Amino acid sequence: MSRFKRSRSGSKNTLLFILLLILAGVCGTAFFLFFEGEVPQIAIDEPLDYLGQDAIISVSAADAKSGLRQLSLRITQGDLVKELFTEQFARNGLTGAVGLAEKQIKTTFQPKQAGFKDGPAQIVLEARDHSFRGLLKGNRSVLAKEVIIDTTPPKLSILHSERYINPGGSGIVIYRSVDPGIQSGVQIDDKFHPGFKVGDGRDDTYISYFALPYSAPGLDKSFVVARDMAGNETTLPFSVIFKNKQFRQDKIDVGDGFLEKKIPEFMQYYPEMQGEMVDKYLFTNNEVRQLNNSKISELCNSPHPQRLWEGRFQRMAGSTRAGFADHRTYYYHTKPIDKQVHLGIDIASTRQADVKAAEKGIVIYADYLGIYGNMVMLDHGQGVFSLYSHMSQINVSVGDTVEQDVVIGSTGTTGMAGGDHLHFSMLINGVFVTPKEWWDQHWIDVTIEEPLTESRFQ
């Protein structure tokens, strides 16, 4: 009898133990499903230290466990609180990520209209998830970011602006701003030309070199623009008198001998060319030309911030064989097949003559480039560049700093060259301009040096 009682008692204990295990499993599963402890991930998507007149604030939140329940964004300054965004997200299930998995917000904030003053403030981003933790309120994340409200646009004054310009010409604007950390420059129609501090200890004085493309029919927009770290912007227009210019019309005969010599060279670099010799020539003269000029423009996107050159740019000795912006019509077997514009000056001397740096600069390109053949580009600082092409030999490497008159290579016939010569170009922020201005010391003095000197006393 005692054995039977002990057996029944043991069975009850075992059953109770199993029930406790099941209950513990159920509770553990429920805790895992409904009481997860991972907080939502929140972030201010872009570095944000200043808020301007029309600030844009971009934030994001995510919760891969129970999902987002609530997201709010507010700005505080002392006792003043402005709610920019608040939203609740409903449950969409019983288990897993039952709330919204992620959310991005981009909102605008106008401090003055909201009653805020210039000075310190705080952005507060808060998120909760659908966990039952925190007395069923969910896991909570808070991100507070200290910012400066600045609604005052930069102060600008123009000290000098170019009076006249013609297609393919260069000019400068000198201006002053006492606001630190501004991004500024000159807008000429659709092209922005960055401004740089002139140096000489004048941290509030800037210069911007600008250019007008050879194809410009006129000049519609010309103004200085400055933007501070808060995004506030100031623009000041200036007037430039546009002087039209006619460019030379030229005729180029493309012979079979030239094609037989040149097409194999281009095929090495552009094997996608197809068709007859003349078809491959047209591909080179058009598509490859566009690719090459895009690359050259790209090379000009990050100019050295300091001026490296001093006087006029040196011209290579020799005879001029083609001028800047010559409008060329190409003929094959007496029939016109193409039209292009020559964006430099061709200078012919002796075969494989020394090519010297026109002024001090940093080598930013030294390699083969399609129609330009073996080419070197120099960055002379503050948006001024020079280009040397068709060379038979290159003596410098990218990153070298070369002084004026240092030999950087030899003339040749690489690229779209029919005979040994140097193709020389000048560029302002990627815009091809006539080298003749930069070869002329009088033009340098009147256009750049004298205005810079006068600006010191303003």
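Residues are numbered from 1 along each chain as its sequence is written, and side-chain values use heavy atoms, with hydrogens and water left out. Because the model is predicted, local features need pLDDT of at least 70 and side-chain atom pairs count only at pLDDT 80 or more, while totals for chains, interfaces and linings use all residues.

**Exercise 1. Determine which strands stand at the edges of the sheet that contains β19, and why one side of each has no neighbour.**

Step 1. Helices (H or I, at least four residues) and strands (E, at least two) are DSSP runs, numbered from the N terminus. Two strands pair if DSSP finds at least two bridges between them.

Step 2. The open sheet has three strands in the order β19-β21-β22, with mixed pairing. The edge positions belong to β19 (249-253) and β22 (335-342); each has a single partner strand, so one side of each is left without a neighbour in the sheet. Direction ignored, neighbouring strands are turned by 25° against each other on average; axes are lines fitted to C-alpha atoms, for helices over the stretch in contact, and angles run from 0 to 180 degrees between N-to-C directions.

Step 3. Five bridges pair β19 with strand β21 (residues 326-332) in the parallel sense. Lys-251 has Thr-329 in β21 as its bridge partner.

**Exercise 2. Describe the helix that lies across β21 and β22.**

Step 1. The helix is α3 (residues 277-299), which runs at about 25° to β22.

Step 2. From first C-alpha to last, the 23 residues of α3 reach 31 Å, close to the 33 Å expected at 1.5 Å a residue; the expected span is 1.5 Å times one less than the number of residues.

Step 3. At Val-288, α3 bends by about 35°, the bend being the angle between axes fitted to the seven residues ending there and the seven starting there.

**Exercise 3. Locate Phe-89 and list what it touches.**

Step 1. Phe-89 is in the loop between β5 (80-88) and β6 (102-109). Phe-89 counts as buried because its relative accessibility is 10%.

Step 2. Not counting residues up to four places away in sequence, Phe-89 touches Leu-68, Arg-69, Gln-70, Leu-71, Leu-100, Lys-103 and His-130.

**Exercise 4. State how many residues of strand β3 are buried, and identify strands joined to β3.**

Step 1. Six of the eight residues of β3 (residues 55-62) are buried, leaving this strand mostly covered.

Step 2. Strand β1 (residues 41-44) runs antiparallel to β3 and is joined to it by four bridges. Ala-62 in β3 is the bridge partner of Gln-41.

Step 3. Eight bridges link β3 to β6, also in the antiparallel sense. Here Val-59 stands opposite Ile-105 in β6.

Technical notes: Contact means heavy atoms within 4.5 Å. Buried means under 20% relative accessible area, exposed over 50%, partly exposed in between (1.4 Å probe, protein chains only).
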